[in-house]
Amino acid sequence: QVQLVETGGGLVQPGGSLRLSCAASGSIGTIYDMGWYRQVPGKQRELVAGITSGGSTNYADSVKGRFTISRDNAKNTVTLQMNSLKPEDTAVYYCHIEWRVVIWASSEYYWGQGTQVTVSS
């Protein structure tokens, strides 16, 4: 079992910045892909940004150039730096990881509890 704890959400004015962090703890194993998703009421959860264990990243078109995802493999953390925030970025943001107990085992996927980001004047 792996636990994910997210921090850093809150209220920010349009054009402002927030930094979300997610720390993984629990069973020994290896984390592969990590990512951030977001969800607004009545809509499906969508991928915001992802990062592989090797550091390759991908972003939703709506956040390219404004958001940056990074990870610290030694600390099992993933961070989302969000700049130039817009009201449409308002959502609950969830951390997501792919984990295996050993390399030949099947992947397991875990979600954080979610953190609210509200962009409003």
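Two strands count as paired here if DSSP finds at least two bridges between them. The strands themselves are DSSP runs (E, at least two residues), numbered from the N terminus. Before you click, note that this is a predicted model: local features need pLDDT of at least 70, side-chain atom pairs count only at pLDDT 80 or more, and totals for chains, interfaces and linings use all residues. Residues are numbered from 1 along each chain as its sequence is written, and side-chain values use heavy atoms, with hydrogens and water left out.

**Stop 1: the sheet**

Select residues 18-26 and 77-82. These are strands S3 and S8, which pair in the antiparallel sense over six bridges. Zoom in on Leu-18 and you'll find Met-82 of S8 standing opposite.

Now widen the selection. S3 and S8 belong to an open sheet of four strands, ordered S1-S3-S8-S7, with antiparallel pairing. At the edges sit S1 (2-7) and S7 (67-72), each pairing on one side only. From one strand to the next, the twist averages 15° (axes are lines fitted to C-alpha atoms, and angles run from 0 to 180 degrees between N-to-C directions).

**Stop 2: Ile-69**

Stay on S7 and pick Ile-69. Is Ile-69 buried or exposed? It's buried, because its relative accessible area is 4%; buried means under 20%, exposed over 50%, and partly exposed in between, using a 1.4 Å probe and protein chains only. Show its contacts (heavy atoms within 4.5 Å): leaving aside neighbours within four places in sequence, Ile-69 touches residues including Met-34, Trp-36, Ile-51, Tyr-59, Val-78 and Leu-80.

**Stop 3: two loop residues**

Most residues other than glycine have a negative phi. Go to the loop between S7 and S8 and select Asn-76, where phi is positive, near 55°. Asn-76 counts as partly exposed because its relative accessibility is 32%.

Then move to Ser-84, in the loop between S8 and strand S9 (91-100). Phi of Ser-84 is positive as well, near 50°, and at 40% relative accessibility this serine is partly exposed.

**Stop 4: Glu-98**

Finish in S9 with Glu-98. Why does Glu-98 count as buried? Because its relative accessible area is 10%. Beyond neighbours within four places in sequence, Glu-98 contacts Thr-30, Ile-31, Tyr-32, Asp-33, Ser-107, Glu-108 and Tyr-109.
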